[in-house]
Amino acid sequence: MLLGQATRLLRRIRFPSLSTSPAYRTTRNVFPFSLSEEMKYSPQYGSGGYTRRMSQRNPCLWILICGHAGILLGINANPVFAKDIPSQSSSENDIEGAGIIGLRKVEDGSVISNIHTSKWRVFTDKGRDLSLQGKLDEAERYFFSALQEAKEGFGETDPHVASACNNLAELYRVKKEFVKAEPLYLEAIKILEESFGSEDIRVGAAFRNLGQFYLVQRKLDEAHVCYERALKIQGRVLGHDHADYSDTMYHLGTVLYLQGKEKDSEALIQNSIRILEEGGQGESLICLKRLRYLSQVYLKSNHPAEAENVQRKILHIMELSKGWNSLDTIVAAEGLALTLQSVGNLKEAWELLERCLDARKTLLSEDHIQIGANMLHIARVAMLNSNQLRKLGISGASEELEKAKDLLDNSIRIARRVLDKLSKQKGNLRSYGAPGETRKDARVALIILLQSLNALGRLQITKQEDSQDSQEHLPVAEAENALFQCISTYKEFETVKSISDSPEVKAEYLSCLKHLSSLMRNGSTNGTRTFKGATLQNLEDEIKCVESEISPYRKRKN
């Protein structure tokens with residue numbers, strides 16, 4: 001079947017003229033193929049945030065590099081396919097005819113084509129197109145055939161074979177068939193080193209691909225070695241101010257951070273950003289992505305002041321480039337507000353979050369889950385402000401708690417409505433075929449609901465501590481009721497594994513369990529008190545069970 005399709009496609013092939021081909025005029029042309037330009041939002045549940053994913057593109061971003069730099073440079077976790085490797089060394093590439101696709105230079109300087117080289121080109125193009133369509137199994141057959149044709153047409157050690165190896169390896173990486181991918185990456189590197197030398201830029205690109213492959217598997221030591229090798233080659237060949245050098249430096253920085261080498265990581269990421277800024281790309285999506293990552297590194301390293309400075313810079317760029325009629329700007333402001341909240345700058349945090357809420361209400365429906373999450377953030381600031389006022393003996397603490405309660409009630413209402421609406425859609429959440437976006441929205445809504453109920457429970461306890469009347473135990477009962485709603489809500493979705501098995505969902509559920517357990521323990525001297533049929537022992541057994549379920553995730557995250 002492949003042979004028949006190849007024959008039909010070959011009849012339509014028109015090889016480019018060497019003098020007009022873009023591959024001849026430049027040594028590196030990049031053509032991005034994005035499967036999706038949709039906006040991606042990801043809740044940062046650990047800090048209560050709801051932040052924008054770094055890249056606007058779908059995780060399957062395909063980049064094709066034509067011309068003399070035949071091996072594609074890996075970017076993030078995205079597949080990169082190689083094509084059009086020159087058949088001779090770089091010094092010979094200027095000889096007319098050597099760069100023509102699917103052709104091969106012979107001793108007398110003429111150029112000939114053979115059926116295998118032509119099939120290699122057809123199969124490579126077809127495999128790429130199928131990959132773009134998500135038809136990975138079909139694409140695998142074409143890339144495998146392209147590899148065989150490259151070996152037949154060009155020879156076992158020709159750079160075109162390295163290109164074909166890289167393409168098939170990248171496909172296996174996307175399919176998570178890592179055992180099949182690794183030897184292909186290594187074979188590609190071996191061929192390129194033998195063809196062009198160990199310091200050639202194509203070898204550097206191949207090492208970066210391999211580093212990306214190891215990073216996906218969290219093989220950090222191997223990824224470190226590969227990225228470091230690629231960086232040295234790129235620095236020597238491209239220079240220390242080149243965008244590709246900056247890109248590899250950034251990825252090496254992420255590896256160092258995951259290895260616990262925070263200072264070295266920060267320095268590399270900062271330098272990668274500096275290179276982009278000096279190259280006029282300071283407001284690009286790539287630079288913004290790195291700034292966001294750097295701010296997260298600072299926060300996780302307990303350097304909130306540095307994180308605040310970076311986040312102010314991001315917000316300034318977004319305000320100038322997009323204004324407040326953009327969710328990107330709103331999310332940047334929200335991230336800064338949450339950092340300000342963490343360092344006690346509650347006034348500015350409140351003002352920013354209020355502005356975010358007003359802006360969201362103009363862009364989104366009134367019951368959108370982002371509005372519910374925004375209200376939850378403001379409620380938390382109000383609760384912190386109430387605590388501050390109470391400690392200082394200043395009036396207004398009770399009023400702040402009432403503001404927080406109103407916000408939490410609305411956040412709970414919105415989250416419940418979102419979950420009810422999603423459950424009633426024809427792609428029912430409990431059905432195996434529920435769309436991925438629907439499941440993701442349900443997870444977000446469930447997390448916001450659990451967080452809001454948990455916060456409401458804490459608010460009621462605070463009210464009880466401030467209460468002086470005869471009904472002082474009423475807020476405690478209301479707190480327990482809110483926390484029990486956390487548990488019953490989770491149990492409602494427990495059978496929907498695509499939602500309840502989320503580590504973030506389980507973490508919020510665990511927080512509710514621990515909070516309720518603490519209340520029950522403090523409210524009883526013998527530990528036998530029950531609440532709505534649940535004993536303290538029941539809760540503690542459930543806590544141990546959930547902790548064991550999310551422990552592997554926490555270890556991987558750390």
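Student: Okay, which residue forms a salt bridge with Glu-140?
Tutor: That's Lys-175, and the closest N and O atoms of the two are 2.5 Å apart. Keep in mind that this is a predicted model.

Student: Are Glu-140 and Lys-175 buried or exposed?
Tutor: Both Glu-140 and Lys-175 are buried.

Student: And which residues are linked with them in a network of salt bridges?
Tutor: Asp-137, Glu-177 and Lys-180 are linked with Glu-140 and Lys-175 in that network.

Student: How many salt bridges does the structure hold?
Tutor: It holds 30. One of them joins Arg-290 and Asp-247, with 3.1 Å between the closest N and O atoms. Arg-290 belongs to helix α11 and Asp-247 to helix α9, 43 residues apart. Both are buried.

Student: New topic: at what angle do helices α13 and α15 pack?
Tutor: About 20 degrees, with their axes 11 Å apart. Angles under 35 degrees count as roughly parallel, and α13 and α15 are therefore roughly parallel to each other. The crossing is left-handed.

Student: Which residues meet there?
Tutor: From α13 there are Leu-327, Glu-334, Leu-338 and Gln-341. Among those they meet in α15 are Asn-374, His-377 and Arg-380. The contact residues divide into four nonpolar, four polar and two charged.

Terms used. Residues are numbered from 1 along each chain as its sequence is written. This is a predicted model: local features need pLDDT of at least 70, side-chain atom pairs count only at pLDDT 80 or more; totals for chains, interfaces and linings use all residues. Side-chain values use heavy atoms; hydrogens and water are left out. Axes are lines fitted to C-alpha atoms, for helices over the stretch in contact, and angles run from 0 to 180 degrees between N-to-C directions. Helices (H or I, at least four residues) and strands (E, at least two) are DSSP runs, numbered from the N terminus. Angles under 35 degrees count as roughly parallel, over 145 as roughly antiparallel, 65 to 115 as roughly perpendicular and the rest as oblique. A crossing is left-handed if the near helix is turned anticlockwise from the far one by less than a right angle, and right-handed if clockwise. Contact means heavy atoms within 4.5 Å. Ala, Val, Leu, Ile, Met, Phe, Trp, Tyr, Cys and Pro count as nonpolar, Asp, Glu, Lys and Arg as charged, and the others, Gly among them, as polar. A salt bridge is a side-chain nitrogen of Lys or Arg within 4 Å of a carboxyl oxygen of Asp or Glu. Buried means under 20% relative accessible area, exposed over 50%, partly exposed in between (1.4 Å probe, protein chains only).
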